[in-house]
Amino acid sequence: MAKILNMPKLSPTMEEGVLVAWHKNEGDSVDIDDLLAEVETDKATMEFRSFDKGTLLKILVQAGESVKLGQAVAALGNAGENVTELIAQAAAPAPARTTSPTLPVPSPAPGAAAPAPVVVAPPPQVPFQPVSRGSLLTRTEREAADAESADTEAGAADATGATGQVLASPYVRKVARERGIDLTGAHGTGVHGRIVPADLDSLATRPPSSDSAGHAGAAVAQGAHAPAPTPASLAAPEVRPLSPMRKTIARRLANSKASVPHFYLTIDVDAEALVALRELINGQLAEVGKNTNQKKASDEAKPLKVSLNDLLVKAVAAALVRVPECNAQFDDNAILVHRRVDISVAVAIPDGLVTPVVRNADQKSVVAIASEIRDLASRARAKKLSPKEMSDGTFSISNLGMFGIDEFSAVINPPEGGILAVGRVRHEPVVKDSAVVPGKKIAMTLSCDHRVIDGAAGAAFLAELRSLIEHPMRILTG
Amino acid sequence: MPRVIRFREALREAMIEEMERDDRVFLMGEEVGYYQGAYKVTEGMLEKFGPRRVIDTPIAEGGFAGIGIGAAMVGLRPIIEFMTWNFSAVAFDQILNGAAKIRQISGGQLNCPIVFRGPNASAKQVGSQHSQAMEHFYATVPGLKVVAPAFPADAKGLMKSAIRDNNPVLFMESETLYSIKGDVPEGDIIVPLGKAQIIRPGTDCTIVTYSRMAHVAMEAAMTLEKEGISVEILDLRSLRPLDEDAIVQSVRKTHRCVVVHEGWPYGGVGAEVADRAQRLAFDWLDAPILRVTTFDVPMPYNAKLEELCTPQPERVIGAVRRVVSRGRAARST
């Protein structure tokens with residue numbers, strides 16, 4: 001008996017994914033847990049494995065296509081089975097999202113429901129007059145009144161962001177279409193957030209919401225999206241479709257910068273001792289590596305090296321243990337001070353960046369941290385990280401030193417309370433024992449969520465960090 | 001030169017002028033002659049034209065409707081008065097299977113240039129059997145034209161068009177409109193069939209209506225104006241053919257539509273208007289189309305209940321407020 005394979009939910013926040021590659025061809029036999037395809041979700045490239053046995057009869061989505069959650073991607077069954085009808089059924093329009101109990105309701109990702117800007121409307125001239133159910137209206141009028149009551153319920157659901165439906169009349173939608181205004185995710189000033197004609201002016205100038213960015217991205221993928229109008233005299237920009245990851249970055253960072261009150265503390269640390277320690281460690285690791293790797297294949301023979309960043313991860317972990325106020329996050333009703341030190345490390349990859357997490361960094365050796373980060377980073381570049389490996393950090397480090405940046409400030413990675421932005425090692429004259437001598441310095445800036453971390457706590461953390469970096473043996477000893 | 005005359009006088013003037021213009025035109029019905037008309041519409045016409053052209057009939061609608069249709073088939077142009085359109089039910093087969101079909105079943109060899117006219121819909125306490133809005137039944141029938149003017153000038157102009165039309169035209173009057181006054185031009189004025197008219201321009205909501213309800217809508221519009229709601233009123237005048245261009249044009253302008261008419265809410269002219277508005281102006285609609293109609297019950301005799309059941313300005317105001325409020329900001333509370 002043939003069946004349709006639908007796009008599964010491969011990450012907790014996944015709503016669509018790009019089918020990167022098929023690992024089976026039409027006609028291939030498929031066993032349970034066989035790798036069918038790879039799917040790029042908002043978090044990572046995930047494996048799509050078969051739950052069933054059979055023959056892959058038909059591939060419905062080609063590699064590179066963007067696929068909505070639950071959309072049919074292939075037909076599986078016995079060899080030779082006719083699946084034309086089955087596919088036709090699967091292609092029939094799915095029931096509307098709000099009425100389908102089988103579709104999972106997307107759990108709003110933190111900040112996913114970014115509120116649209118509040119539009120200040122003039123005082124309404126028309127009182128909204130609900131009609132009492134018992135009155136002797138004609139059926140036509142009464143049904144209209146009932147429909148309004150139904151609106152109320154739909155509106156209540158909408159307020160929670162569960163339905164995601166935009167309340168707007170055909171007229172409003174038409175004008176929005178004509179003026180190129182994206183209504184997705186928009187809220188109006190009408191009853192239950194209904195978008196009324198007067199709202200269109202303010203909506204025309206709002207930045208696209210996170211949701212609408214997603215939709216626009218989908219449209220781009222289908223080549224249907226017209227880029228923002230450019231004056232005819234100017235060359236039109238190159239349109240680069242948003243990858244799922246890019247959408248996630250855009251949503252999360254925009255939300256962070258808009259809703260988390262950032263403030264910044266910068267220190268300039270003497271890095272002489274840290275650099276020296278790193279060289280010492282790496283020298284010794286190379287010695288050890290030479291001895292142990294002699295018999296191994298050359299590509300694995302690369303001796304492990306510890307980077308300054310690895311040392312800083314360990315230093316930050318140690319400083320967070322000493323100043324737990326900075327290892328905390330804001331919750332609506334409380335500040336959550338973490339009992340674990342899980343450091344998110346920002347890793348640049350070709351299409352953006354990801355933040356794999358080094359768990360319990362305070363309890364790991366620098367070498368262990370180094371090898372873990374190396375593994376995470378290489379898998380990040382291959383988009384093979386699982387969503388789990390990229391979530392639930394407690395503090396972030398972003399290091400742009402290798403790109404030659406002197407200093408910078410970073411955007412907090414919610415729900416974490418802080419992020420440390422690390423610049424390059426600068427070789428410059430320093431004053432030591434009343435003499436100007438060649439020295440090494442690193443500037444680092446702590447971005448704090450002011451709801452959680454006050455200036456004094458941030459300063460205490462940085463003082464600890466400075467002390468650790470300037471006496472780096474303490475990093476190794478925890 | 002316009003002068004102010006009553007609705008019934010405007011009708012009479014149109015009939016007299018047409019009878020003077022065309023000898024084939026004649027009037028027939030109950031009490032149209034010696035009694036001078038049950039509602040005095042035909043007052044003086046017997047004296048003017050004599051019993052050859054103003055014919056009193058027995059109480060036999062099926063009979064005199066059929067005689068009229070037969071006369072029209074052979075070249076005369078009868079005006080048949082029903083004492084009320086409610087009584088036309090007795091002649092329904094003549095109209096439905098006779099007047100409306102003659103041209104088709106004769107392969108175009110015979111026309112049926114006849115006017116049926118009389119008061120329609122509710123009056124004051126005439127009971128369930130005499131208060132019905134019969135236009136909804138007839139307007140569904142291909143082969144018939146149905147008009148329902150609201151003002152004396154339109155009554156005159158449409159009556160002339162109806163008499164000159166080569167098809168059966170059903171002319172819906174109103175007992176409570178016969179005495180209203182209005183400017184009516186003297187002489188030959190023609191209001192074409194199938195043309196609606198904006199009787200009050202506005203921007204926030206279109207009320208589509210006709211006949212007596214045009215006046216109810218006007219009253220509602222005046223109250224709504226004080227609330228800052230600008231209502232446009234479209235008087236259909238003709239129910240079939242329906243001036244869909246006028247409906248669409250107005251709805252495209254105001255984005256909201258309320259249909260007001262007498263008669264029950266099930267089907268009917270209002271449903272037809274709603275169909276046109278949503279089908280031809282969907283992208284311009286900002287609110288559902290509401291209908292304000294007579295309640296879905298046989299008309300009560302009790303005066304208070306009758307008032308409750310028929311569309312009053314308050315209900316029209318409520319419907320307009322409802323559609324307009326959807327397009328405006330919510331109350332801040």
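Q: Hi! In what order do the strands of the 7-strand open sheet in chain B run?
A: The order is S3-S2-S4-S5-S7-S6-S12, with mixed pairing. Strands here are DSSP runs (E, at least two residues) and helices are too (H or I, at least four), numbered from the N terminus; two strands pair if DSSP finds at least two bridges between them. This is a predicted model, where local features need pLDDT of at least 70, side-chain atom pairs count only at pLDDT 80 or more, and totals for chains, interfaces and linings use all residues. Residues are numbered from 1 along each chain as its sequence is written, while chains are lettered from A and ligands numbered from 1 in the order in which they are written.

Q: Which strands stand at the edges?
A: Strand S3 (54–56) and strand S12 (238–240) of chain B do; each has a single partner strand, so one side of each is left without a neighbour in the sheet.

Q: And how do S4 and S5 of chain B run, parallel or antiparallel?
A: Strands S4 (residues 77–81) and S5 (residues 115–119) of chain B run parallel, joined by 3 bridges. B:Ile80 stands opposite B:Phe116 in S5(B).

Q: New topic: how many residues has the largest nonpolar core?
A: It has 117 residues, and B:Ala217 is one of those with the most contacts inside it. Such a core is a set of buried Ala, Val, Leu, Ile, Met, Phe, Trp, Tyr and Cys residues joined through C-beta atoms within 7 Å; buried means that 20 or more other C-beta atoms lie within 10 Å of the residue's own, with C-beta atoms placed from the backbone.

Q: Which helix gives the most to this core?
A: Helix H8 (residues 212–226) of chain B, with 7 residues.

How values were computed
A residue is buried if 20 or more other C-beta atoms lie within 10 Å of its own, exposed if 12 or fewer, and partly exposed in between; C-beta atoms are placed from the backbone.
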